[in-house]
Amino acid sequence: MRVTTLYGSKRPVISMEFFPPRDEKGVQAFTGTISELTAAGPDYMTVTFGAGGSTRDGSYQTVQLLLKEMRQPTVAYIAGYGLGPEDITAVLDKYKALGVQTIFVVRGDKPQDEGFKPHPKSFGHASELIAFIKGRYDFTLGCAGYPEGHIEAVSLEKDIDFLKRKVDNGAAYIVCQYFYDNAYFLKYVEKCRAAGIGVPIVPGIMPVYTLKMTQMLAKVCGTTVTAALRAKLDAVDAADKAAVLKLGVDFAVAQCRGLLHAGVPGLHFYTMNRAGSTKAIIDALKAEELF
Ligand SMILES: Cc1cc2nc3c(=O)[nH]c(=O)nc-3n(C[C@H](O)[C@H](O)[C@H](O)COP(=O)(O)OP(=O)(O)OC[C@H]3O[C@@H](n4cnc5c(N)ncnc54)[C@H](O)[C@@H]3O)c2cc1C
């Protein structure tokens, strides 16, 4: 499955992101999650790739499980940080043999493991990795965008220049980091278009799952917890798990409603390997006949 065919033929395209389960127990829970979520009718699933190749085998097994056993259209990710060209081709050759047609390419970040030694020929930026893959494989490639700017970016404008380089080097679609104010995304798309980036730009949706996770991830990802969301978080009892999840679903439904009205090509859900919130959000949007 080439996701560009999907973005070219229907709107909105619904995608869901997963990380590889850590152990056998996790695999069982994962298959349950996927079964629940397939009922929501996603167009494709995606599987992340751990920093420094840490989930290399787990990512492959998860892609295989989704694609071959669960028969789900699946995009495999690759994160190049610290890996040499032969490491990259070894991973991609296996994905190609499995029948994967779309690869989402990110630079990745320095692994937590203190002893990790980057390969001397590793790729400094995603744009270089994209050019390397494009020259050797027939995959459709995707890349990451950051509506609030990447945390290391000198400026949003410079970040968009580098995004354009990723597209010029072969990325055919962009999936964005999540945000809690649609204005960030909509202005970002405007700026990307003005910079000459013409490919589909897909918003990422991260429902609030727990208050702790929301605060921690926002810091790591450089996402602003807006005053509107902050007020809601302050008003809920953090220990009331059901109330927090409901807040997250309601907030994301409102966000998705606005994005769909603005005509986005798709919605990409960061599921954190949980079914409930993503399914509830999609069910609510369908009930409103938004798609
Ligand atoms: C949808 C999505 C999925 C993700 N999946 C994964 C995953 O599976 N595994 C994982 O490890 N991480 C994942 N990430 C996180 C990602 O790896 C990190 O955000 C990482 O820090 C940057 O990756 P990138 O591909 O955007 O890097 P790049 O595009 O290389 O950008 C990184 C930084 O370098 C700057 N830059 C880019 N090119 C140049 C240049 N030529 N010269 C100077 N500066 C430059 C940019 O402005 C930016 O600040 C994902 C992110 C998103 C949004």
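**Note on the ligand shell, helix packing and backbone**

1. Helix α6 (156–168) gives the most to the shell around the ligand: four residues. Helices here are DSSP runs of H or I with at least four residues, strands are E runs of at least two, and both are numbered from the N terminus. This is a predicted model; local features need pLDDT of at least 70, side-chain atom pairs count only at pLDDT 80 or more, and totals for chains, interfaces and linings use all residues. Residues are numbered from 1 along each chain as its sequence is written.

2. In total, 23 residues surround the ligand. The closest are Thr48, Ala79, Arg107, His125 and Ala126. Besides α6, the elements that each supply at least two residues include β3 (74–79), α5 (126–134) and β6 (171–178).

3. What is the shell made of, by class? It has ten nonpolar, seven polar and six charged residues. Ala, Val, Leu, Ile, Met, Phe, Trp, Tyr, Cys and Pro count as nonpolar; Asp, Glu, Lys and Arg count as charged; the others, Gly among them, are polar.

4. Now α5. Its buried residues are Ala126, Ser127, Leu129, Ile130 and Ile133. Buried means 20 or more other C-beta atoms within 10 Å of the residue's own; exposed means 12 or fewer, and partly exposed is in between, with C-beta atoms placed from the backbone. The five cover an arc of only 160 degrees around the axis, so they sit on the same side of α5. The arc is that of the directions from the helix axis to the C-beta atoms. An α-helix has 3.6 residues a turn, so residues three or four places apart point the same way.

5. How do α3 (residues 56–69) and α4 pack? Their angle is about 10 degrees, and their axes are 11 Å apart. Axes are lines fitted to C-alpha atoms over the stretch in contact, and angles run from 0 to 180 degrees between N-to-C directions. The two helices are therefore roughly parallel to each other, a label for angles under 35 degrees.

6. Check the backbone in two loops. A cis peptide bond joins Arg11 and Pro12, with omega about -5 degrees. Pro12 lies in the loop between α1 (3–9) and β1 (13–18). Met272 is not a glycine, yet has a positive phi of about 50 degrees. Met272 lies in the loop between β8 (266–270) and α11 (276–287). Asn273 lies in the loop between β8 and α11, and has a positive phi of about 60 degrees.

Conventions:
A residue is near a molecule or strand if its C-beta atom, placed from the backbone, lies within 6 Å of it. Angles under 35 degrees count as roughly parallel, over 145 as roughly antiparallel, 65 to 115 as roughly perpendicular and the rest as oblique.
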